[in-house]
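Subject: Structure handover

Hello,

Here is the structure for you to look over. My notes on it follow below.

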Amino acid sequence: MSLASLPLVDGPSAADRRSVDAAAVRGALTSAVSGEVRFERLDRALYSTDASVFQIVPLGVVIPKSRADVIATLETCARFGVPITARGGGTSQAGQCIGAGVILDFSKYLNRILEVNPAEQWVRVEPGCVLDDLNHHVKPHGLLFAPDISTANRATIGGMIANNSSGTHSLIHGKTIDHLLELTVLLADGSLVHCRPLNEAALAAKCRQTDLEGSGYQVVRRLATEHADEIDRRFPKILRRVGGYNLDRFAACGLALAVSDTSAKPQAAEFNLADLFVGAEGTLGIVLEAKLRLVELPKTKALLVVQFAGLLEALAATPAILTHRPAAVEVMDRFILDCTQLNPEASRLRDFIQGDPGAILIIEFYGDQAAELPPRLEALEADLRSRNFGYHHHRAVDPAAQARIWKLRTLALGLSMAEKGDAKAISFVEDTAVDPERLRDYIGEFLQVIERHGTKAGVYAHASVGCLHVRPIINLKTDDGVRRFQAIADEVADLVLKYGGALSGEHGDGLVRSPFQEKMFGPILYQAFREIKRTFDPQNLLNPGKIVDAPPLTANLRYGPAYVTPDVATTFDFSSDGGLTRAAELCAGIGECRKTRAGTMCPSYHAIRDELHSTRGRANTLRLALTGQLDLNGLTDPAVHAAMDLCLECKACKSECPTNVDMARLKAEFLHQHHAKHGLPWRSWLFGNVAALGKWGCRLTPVSNWLTRNRSTRWLNDKLLGIDRRRPPPRFASRKDRAALADFLFTACQDRDQPPRQNVVFFPDTFVRYYEPAVGLAACQLLDQLGCGIYLDFELDCWDSIPTPPLSDLFPRARCCGRPYISNGMLDQAIRCASANIEWLYPLAAEGNPIVACEPSCILTIKDDYPALLRGELRRQAEAVAARCVTFEEFVGEQFATTGQTLQPGPKKILVQGHCHQRSLAGMSATLRLLRRIPGAEVIDLDAGCCGMAGSFGYENEHYEISRLVGEQRLFPAVRQADPEQAEPEQAIVAPGFSCRLQIEHFTGRQAVHPAMLLRTSML
């Protein structure tokens, strides 16, 4: 399916919009807007999707820098008849934030927190403000914005207003509308209105106005009054109803539908037009500013996790649980729990789960004092046991333990979409809601519908309020799949009406539920909704096709029967994903890569906040290029190079992305094919051959160090090769340091008094061999003192004496791990390295010997990349070798645990910067546990994301500034905030990665050490 052939959203002026002069619109916007105006094919491609199953290519994109830019964009688009769709994080599940006209992206610039009033507990924000950023800002005041959605780390306040978002604790906090005080809105005619509560006199004055604002007030008041009985009859009497327009807030019966507890905003007799724009999905006006009510942070919390044999039993238990007044009750079924075992990050969070439950309920309580919560947990557990609900009850009162459980629940959004192949668990009937008392029977019938259509579904989310996310597995690339898609949606809509529920319980109407609006609300209210839309947006410019006058459900599908997934020959093996194209299609668009306050993914997005440089942006670009959409022509298209250029290959996406997109491997494959067509740049060749460079550099020391660090040489490298002169290159190791390592290894292997307790294969990474042999020496001394025999890659009896480096190479058989080749797209050379290393490592691995290296990226390249690079028997051997590979910290930690060896006191504070590959593929727990063996040490995991060096990336002059900005996000400030006056023995910065240590020194002046250096000091 060509992107250019995708249908536009139908609407009154659709025919006119098809013939719009894109160049003229672009020119007019460029003249009127100070922000970014993007109409290139790649920009249009990036904004053609969200987290839904739909795809609509926009005419262009505007990223406004000011309120004036938004106004100018609206005026220009109105002049040309081009529609506008406002967008925040692009995380919508229903297709709200894609459209055929101009996309307004508020997330990059219009994201400020304008004012906080702690005394009155309110805040003013711009629409692009991310929820987590807001709550981080107000947390010191003991406050938060209550709706706690699972996408809080990237979803924006504007998007939450558009969807009327709620979240896990809606049982006590309600929805966004219950915390909205005032709005500043741009109407379709370009006028600005300030919406706030009005008494009857003020409302009457508004209704007398003869402008668009006055017409809006008039029509809303009239329709709410005329249709009060119909509103009472058709609007579901449940908390989780966000579909349609909020006429219930303006009708007399609206008082009965409001949240009744004291946490939510009290329903007043005053008329607040802001309530209409909440949940309106940008179809009635463009929100420019919001004043929000804040609530106090809970003083203390506790969890009870109950495991059940089946999902329906868990749902049957929910009404009894609600009598205990919990703050939240969340459910995850077996399908979702099984998905958590496939994701590296999620699998490390499952330690509270016993056995193989059919479902779990996560039940949270709030309290004023910690002492009051354990009795409440005990009372609930006793009640459940007396009713024979659940077979295992796990209590979590420690905040860290609770955080791990909630993190697993938060990941469920993406994990449910992580199926390999063309059939996916897709979001289209996931947002229904019913009364919790009827939830068990409703879901029972729901699952029967799914079963009748020959598929299955994952179920999770908010049992407390009867809003469960049910995602059937369907292959939309087939005619049969599309028919199932339509049929299931139709049957579920009927089922919802049968149970008095809501089709849209949280995620809004968008393209996926708008076609059912008339069925949901009846013809009278549907016509009222249409009248509201025509009144506020007479030209149908504002996000047309959403809520009313929607296109058919099966229009605008991202994948459809005409979609072709091409097979692409690759050097890496992507067969486990179904090929290269399906590896890119793994991205479900949920935008986890746009988070900025935790984790590592995605470093370049953290630095510049540009959709192109997120994992989602890169995956979308690859998918569209590989399928030939929007004239993007395969992997060698220059637009793909622009998207992949700032990927630091940190591998964080492989674990942090819920669908496990491995962008590092995708980039390596892209570079390999790009170089095959366009040639290998000299700089890439040089950086790829860093091991050979190190070997010769060591042979020529100290001359080589003088030469490479000379100012003139660095100037020439900058001009000729693009190696930034501001970066001092690492020093080649001296003869003395290499000789010390050789001497120790030779004598340790020759002079052992007794057989080793444990043999270990020491893989000599490039940095130990040629740059930091002192790290290798410390590591080997530590291994020796722990009773380990160290295997090297040569037979000792072939040496008559200690080898004399650098004239003789201490490690004659070991090759570079190949990571520099992989990172620079030189996969043929990487395969040769892998083959040679497997040849000598396999016999040792087959004997059961663990394999370690000091550099995390090297050992993890062998573990993670070799099996995908090699084929046939070599691949089988590579898999056996990979199974024996562990990081240095993992292995040494196990040896300490086995031997009971103790350490001497060392630094009182240890700051730890984890290597990206290590954090992603192995986790940091082993490193932290190992360092905490040092008596009296406070070990702090900085969790500061990527350092920004990324091997050769930080040395390339076009990437130098990005490299610095990545580090400045979290790492450099954390290092600088460490007490600079504190003497070095009292404080240490530990970084297992060679690049991380260089980056920290370059930009902070602080020295970071490898864990082996610190541990050796504490052990000697």
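Helices (H or I, at least four residues) and strands (E, at least two) are DSSP runs, numbered from the N terminus. This is a predicted model: local features need pLDDT of at least 70, side-chain atom pairs count only at pLDDT 80 or more, and totals for chains, interfaces and linings use all residues. Residues are numbered from 1 along each chain as its sequence is written, and side-chain values use heavy atoms, with hydrogens and water left out.

**Surface patch**

Start with Trp682, which is found in helix α29 (residues 682-688). Trp682 is exposed, at a relative accessible area of 66%. Here buried means under 20% relative accessible area, exposed means over 50%, and partly exposed is in between (1.4 Å probe, protein chains only).

**Strands**

Next, the sheet pairing. Two strands pair if DSSP finds at least two bridges between them.

Strand β2 (residues 60-63) pairs with β4 (residues 102-105) in the parallel sense, over three bridges. Gly60 has Val102 of β4 as its bridge partner. Val61 is also found in β2. Val61 is buried, with a relative accessible area of 0%. Val61 and Gly591 are 530 residues apart along the chain, and their C-alpha atoms are separated by 18 Å.

Strands β5 (residues 113-117) and β6 (residues 122-125) pair in the antiparallel sense over four bridges. Val116 has Val123 of β6 as its bridge partner. β5 and β6 form a hairpin with four residues between them. In the turn, Gln121 has a positive phi of about 60°. β6 also pairs with β10 (residues 286-293), antiparallel, over four bridges. There, Val125 stands opposite Ala290 in β10.

Strand β12 (residues 300-308) holds Val306. Val306 is buried, at 0% relative accessible area.

**Salt bridges**

A salt bridge is a side-chain nitrogen of Lys or Arg within 4 Å of a carboxyl oxygen of Asp or Glu. By this rule the count comes to 73.

- Arg233 and Glu230: the closest N and O atoms are 2.3 Å apart. Both residues lie in helix α10 (residues 228-234), three residues apart, about one turn of the helix. Arg233 is exposed at 58% relative accessible area, whereas Glu230 is buried at 10%.
- Glu330 and Arg409: the side chains meet at 2.7 Å, N to O. This pair links distant parts of the chain, with Glu330 in strand β13 (residues 328-333) and Arg409 in helix α17 (residues 399-410), 79 residues apart. Glu330 is buried, with a relative accessible area of 0%. Arg409 is buried too, at 4%.
- Arg665 and Asp662: the closest N and O atoms are 3.8 Å apart. Arg665 is buried, with a relative accessible area of 11%. Asp662 counts as buried at 11%. Salt bridges that share partners join Lys651, Lys654, Asp662, Arg665, Arg819, Asp864 and Asp865 into one network.

**Cysteines**

How many disulfides does a search of the whole structure find? Zero, taking a disulfide as a pair of cysteine sulfur atoms within 2.5 Å. For Cys207, the nearest cysteine sulfur is that of Cys195, 13 Å away. For Cys885, the nearest is that of Cys817, 11 Å away. Cys207 is buried at 10% relative accessible area, and Cys885 is buried at 2%.

Best wishes
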